[in-house]
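Here are some brief notes for a colleague new to this model. Please keep the structure open while reading.

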Amino acid sequence: MYRLTLKVTCMDCRIEPAAAFGIDLGDAHVIRNAGGSAREALRHLVFSNQLLGTTQIFVIKHTDCGLSVNTNESIVQAIRKNLGEEALADLNGLEWYPFVDVEQGVKDDLAFLKASKSIPKEINVSGWVYDVETGKVKPVGN
């Protein structure tokens, strides 16, 4: 059932998508990035759909995410302070996709995917919020 499913979630080690959705190893592709950004994962989503046959995408953000308490500016300032201008230049033009409200962040990613010309309309796209305290997920914006 899940072999044609792809989950986009945050790289936070407190998230366990397999346990939250009751899937076994090998049953889903899992793409992790800072903040669980669908925009950041777009090329992986397209590859998975077009070359591996994925027909279902889950966008999963979580409570207490570091990107929900930072801005692009605060991230850039930290990089500048800790690594310097040369390191910052390597990252020039990158978007960090911060969000303030986790549910709105999921809804924004869903809207992005549903509007994207590279995600076929027949792909089932759904949104979820993972609670890091309980390990439970709840649907959002579906």
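1. A definition comes ahead of the pairings. Two strands count as paired if DSSP finds at least two bridges between them. Note too that the model is predicted.

2. Take strands 4 and 5 as the opening case. Strand 4 covers residues 124-130, and strand 5 covers residues 137-140. They pair in the antiparallel sense, over 4 bridges. Look for Val129, which stands opposite Lys138 in strand 5.

3. The link between these two strands deserves a look. Strand 4 and strand 5 form a hairpin, with 6 residues between them. Gly135 sits in the turn and has a positive phi of about 80°.

4. Now move to strand 3, residues 56-62. Strand 3 pairs with strand 4 in the parallel sense, over 7 bridges. Ile57 stands opposite Val125 in strand 4.

5. Strand 3 also pairs with strand 1, residues 5-10. These two run parallel and are joined by 4 bridges. Thr5 has Gln56 as its bridge partner in strand 3.

6. How many residues of strand 3 are buried? The count is 6 of 7, so strand 3 is mostly covered, where buried means under 20% relative accessible area.

7. Finally, check Asn33. Asn33 belongs to strand 2, residues 28-33. Is Asn33 buried or exposed? Asn33 counts as buried because its relative accessibility is 8%, and the cut-off for buried is under 20%. Leaving aside residues up to four places away in sequence, Asn33 touches Val8, Thr9, Cys10, Met11, Glu40 and Ala41.

Note on methods: Residues are numbered from 1 along each chain as its sequence is written. This is a predicted model: local features need pLDDT of at least 70, side-chain atom pairs count only at pLDDT 80 or more; totals for chains, interfaces and linings use all residues. Side-chain values use heavy atoms; hydrogens and water are left out. Buried means under 20% relative accessible area, exposed over 50%, partly exposed in between (1.4 Å probe, protein chains only). Contact means heavy atoms within 4.5 Å.
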